[in-house]
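Here are my notes for you on this model, as numbered points. Keep the structure open while you read and find each place as it comes up.

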Amino acid sequence: MVVNSEHLAGTHDLIGLPLWGPYTKTYMGISHIADAERGIRFDLSVFPGFYRRKVDVPNVMWESGYHPWEASPDLAYFAHRHELEWKDRVYADIAYAAPGTGTTAGAGENVRLIRCKLANRTDMEQNAVLHFMASLHLPQVRPHGEALQTVGVRLPEGAVWVDALDYAELAFAVPRPSDRLVYDGFYRAEVRAQRFVGGSAVGAGFGRDPGDRAVYRVHAVRTLEQAVLLLRYRLPQGESAAFALEIAGGFAGELRLEGGGDAELAAVPLGRLEPGEHTVSLVSAGGSARLELDGFAIAEERQCGQVAFVPDSRCLRPRIETGPAANSLLLQYEGVDHVYGLLWQFADFEIREFHCSELDRFMRHTVHHHVHSVFKDESGGDGHFTNVFLRPIPLAPQSSRTVYGMVCAGSRDEVLRRLAAWNGAGDRYAAAFQEAETGAARVDRTANEGGKRYALSQRLMAATLLTNVVYPVYTKRSYIRHNTPGRWWDCLYTWDSGFIGLGLSELDTQRAVECLNAYVTEPGDPHAAFIHHGSMVPVQHYLFLELWNKTQSQELLAYFYPRLREYYLFYAGKSAGSTTSTLKSGLLKTWDYFYNSGGWDDYPPQVHVHREKLTETAAPVSNTCHAVRIAKILKMAAAAIGGLDDHIGEYERDIAAFAESVQRHAWDEEAGYFGYVLHDEAGQPAGLLRHESGQNYNMGLDGIYPLVAGIATADQERRMVGRIQDPSRLWSRIGLSTVDQSAAYYRADGYWNGAVWMPHQWFFWKALLGLGEIEAARRIARTALDLWQAETEATYNCYEHFIVQSGRGAGWHHFGGLSAPVLGWFAAYHRPGTLTCGFDVWAERAKFSEDCTALTADLRYCDRADRMHAALVCMAPGYRYRAKWNGREISPCGQEDGMLEMLLPGEDGQLTVETEA
């Protein structure tokens, strides 16, 4: 695998994905990036329904009767099942595909084909309908918020505009923990704002404290005899702010800003300004915390009236024209450079328009208006939907019917040619979809016999993970496509995305690499050591290790190591601005950056810490343990690169210091768990956090995280592994409970407390492999796979978590984030060509034969020499295998269906597996 760093560097977009994809945030279908710079998206959704009865609106924000069904990793093909009559009685499988290599007319990036398979599995006649719904969508001010309204700036000749975010320096007089880790990849002090240039401003309290400072480099293109600086800002009515304005070597003055409630201009005469670069400084004298600075123009005094701010086009209603045939349309949206074309292969249709902001209520309300073609929601909303209404579509009992269509984008002439080329091309539609379906992620194609029963549940997880992509998401002053854990989270999410990447690594390496790249920043980035949103669990390092062990890509190593090192240094409290390491105990805490230490929202001691306002003095265990583990990962990477002895020495010192801090301060001998450590006002450790019952408050997964870090004593390991396997403690009939079931604070109705989740189970599964606990690791994986199979086959949903009490799924129904480990467990035990080890193994080479009947792997082991650790090797089924370690034959602990589980000694060496003679 080659990592093209030229394309990865400087972007957080999923660059390998096409412009067409399942990127919607409203109604499921196919989307097109209409304007990448402005973040505008075109959607085409297909709504199935019953004629003159009901329409199913596939809203992506709640359970609405559709299910991701299958997808190819490159999103050139994906399909959803829409259940009109549950379960599989009357349904529509709606699929979208690129034309493919087997077609000629209209092939290319700008065309997507549509296939609607309508099925009637009842003994009654059915009258179905299909609604093609086309719409244009603007970016939003914030996730699920109102549409963003931006303005453009018009300048007279010789004038310049400087965006407020284009500062050379910006510093708050009172430093903030987030100064070097700005949330969501924003610039320091950036806020999203309506009716500003580019949609962003300097705000976030900038200007409140005296001494807040911003410095700009301004290039004047010509001499301005009477220059004026026009600062555009917004302040609430009655509030004010003041700044000292300086231009190096030429001007000093004051700037007073008075609030009027909307954007306005403040003018400061500068006198003569020579051409060339000038340093402009704004230093606050104090004022409102709600100030927003858009930027400033510098122009000749006589031309100031020509500086204008013009609203960008936000007309969502297109010009609608009939295409080259009656069953086709052309849509032209104001401000969008290209035309969209729609084509449908069905004779009975009507063209309608819906003027409304939502269709969930309004379309259902109007379903019986048979004589209207234009529907306007009088309650408001400026949205617009172009509706191609195909009706009725008769379905005989126990029959099915397929309706094809096409959507494309391009110049008017290009669209006209494509519409003409694909009209009536039934055979070519069928051939294109047949070709496209071969690229779908179907685990049953390669699974061993024991894995075939998981085929549907794994396919649904793969389809959900692959299609959970939204556009636009704003970060680093750009709009990107983003892997979302679920469309309810229209935002970045760091630890979820690490697990998304782990899941993608089992489906498509490039998708996983791009997922990782979205969350790392360039070394030395002044705003963010990494892209941070939500729980600060550094899963990106674990994803990197998995990718390395799958690929041994030197390009991957060279590109990601320096970026992940920046991430680590901040996480460990070692880089400027980080506040994770402020306690004298040496333990880490991340409360300054998010309320959640480990992703476990209602984890009992975490809830108590916030309730009692203990965030300055309480340290969880898992934060420090993750620092140890990712330091070990980076140590292995540094050794593989070579010439980084200083880095290796630093990691070794950090590992030893963190391990000593955890052991000295956090172990509770009586409970058999590590505890939250409290500190006094001076930051000195002051004992463990306890529940009112007297129990250690950390009897749960956080309390055994030293197993993941590999820093427990032999006795501690024995006791904590016992907790994992004890059905009265952490083990439940459906997997690892987040909280010890014997704890006084265990609940049956919590979100995490009383529930089983996949992500931390993955960490402990890998840890158990590293401890040589083969059976305990297998038990976690098998239980999870069986649980996942039962729920997905019953509901077709991919849930967030599972309730211990009932064993049923709950939470978001199309979840591709923290549930992704099920793909890894399946691969480890059921996909030939898979080698799996614990966290301390670095694969210098791992090569399977093409038919997966032989393996040669050179493994570097980076833990204690006296420890036996596990390796799982999934080979082609139907053979008996012989395994050797450094040329000595070893006996697998288990060998069935081509799956070998074996214990390896704590040393570097070569593992070979081949068929018996």
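1. Start with the open sheet: 5 strands in the order β12-β16-β21-β18-β19, with antiparallel pairing. Since β12 (169-171) and β19 (251-258) stand at the edges with a single partner strand each, one side of each has no neighbour in the sheet. From one strand to the next the twist averages 20°, with axes being lines fitted to C-alpha atoms (for helices over the stretch in contact) and angles running from 0 to 180 degrees between N-to-C directions. A word on names: helices (H or I, at least four residues) and strands (E, at least two) are DSSP runs, numbered from the N terminus. Two strands pair if DSSP finds at least two bridges between them.

2. Before going on, note that this is a predicted model, where local features need pLDDT of at least 70 and side-chain atom pairs count only at pLDDT 80 or more, while totals for chains, interfaces and linings use all residues. Residues are numbered from 1 along each chain as its sequence is written, and side-chain values use heavy atoms, with hydrogens and water left out.

3. Now look at β18 inside that sheet. Strand β18 (residues 240-247) pairs with β21 (residues 276-287) in the antiparallel sense through 7 bridges, and glutamate 246 stands opposite serine 281 in β21. β18 also runs antiparallel to β19, joined to it by 8 bridges; here alanine 241 has leucine 257 of β19 as its bridge partner. The hairpin of β18 and β19 has 3 residues between the strands, and glycine 249 takes a positive phi near 80° there. As background, strands of a sheet pair through backbone hydrogen bonds, either parallel or antiparallel.

4. What should helix α12 (residues 645-665) span, at 1.5 Å a residue? For its 21 residues the answer is 30 Å, and the end C-alpha atoms are 30 Å apart, which agrees. The expected span is 1.5 Å times one less than the number of residues. Several residues of α12 are buried, among them Tyr651, Ile655, Phe658 and Val662. Buried means under 20% relative accessible area, exposed over 50%, and partly exposed in between (1.4 Å probe, protein chains only). The cover over the buried residues of α12 includes α9 (554-571), α11 (622-641) and α13 (706-709), where contact means heavy atoms within 4.5 Å.

5. After α10 comes lysine 613, with a positive phi near 55°.

6. Next, the inside. The largest nonpolar core has 187 residues, and Phe42, Phe544, Phe763, Trp765 and Trp825 have the most contacts inside it. α9 gives the most to this core, with 11 residues. A second, separate core of 37 residues includes Val218, Leu235, Leu270 and Leu273. A nonpolar core is a set of buried Ala, Val, Leu, Ile, Met, Phe, Trp, Tyr and Cys residues joined through side-chain atoms within 4.5 Å. Leaving aside neighbours within four places in sequence, phenylalanine 42 is in contact with residues including Trp20, Leu136, Tyr340 and Val407.

7. Proline 485 is worth a click. It sits in the loop between β32 (478-483) and α6 (494-504), and at 1% relative accessibility proline 485 counts as buried. Proline 485 and alanine 820 are 335 residues apart in sequence, yet 9.4 Å apart in space, C-alpha to C-alpha. Not counting residues up to four places away in sequence, proline 485 touches residues including Asn468, Ile500, His814 and Phe815.

8. Finally, the rings: the whole structure has 56 aromatic pairs. Tryptophan 344 and phenylalanine 349 have ring centres 5.1 Å apart and planes at 75°, so the pair is edge-to-face. Tryptophan 344 is buried at 0%, whereas phenylalanine 349 is partly exposed at 24%. Phenylalanine 530 and phenylalanine 570 are also edge-to-face, at 6.4 Å centre to centre and 75° between the planes, and both are buried. Rings of Phe, Tyr and Trp (its six-membered ring) pair if their centres lie within 6.5 Å; planes under 30 degrees apart count as stacked, over 60 as edge-to-face and the rest as tilted.
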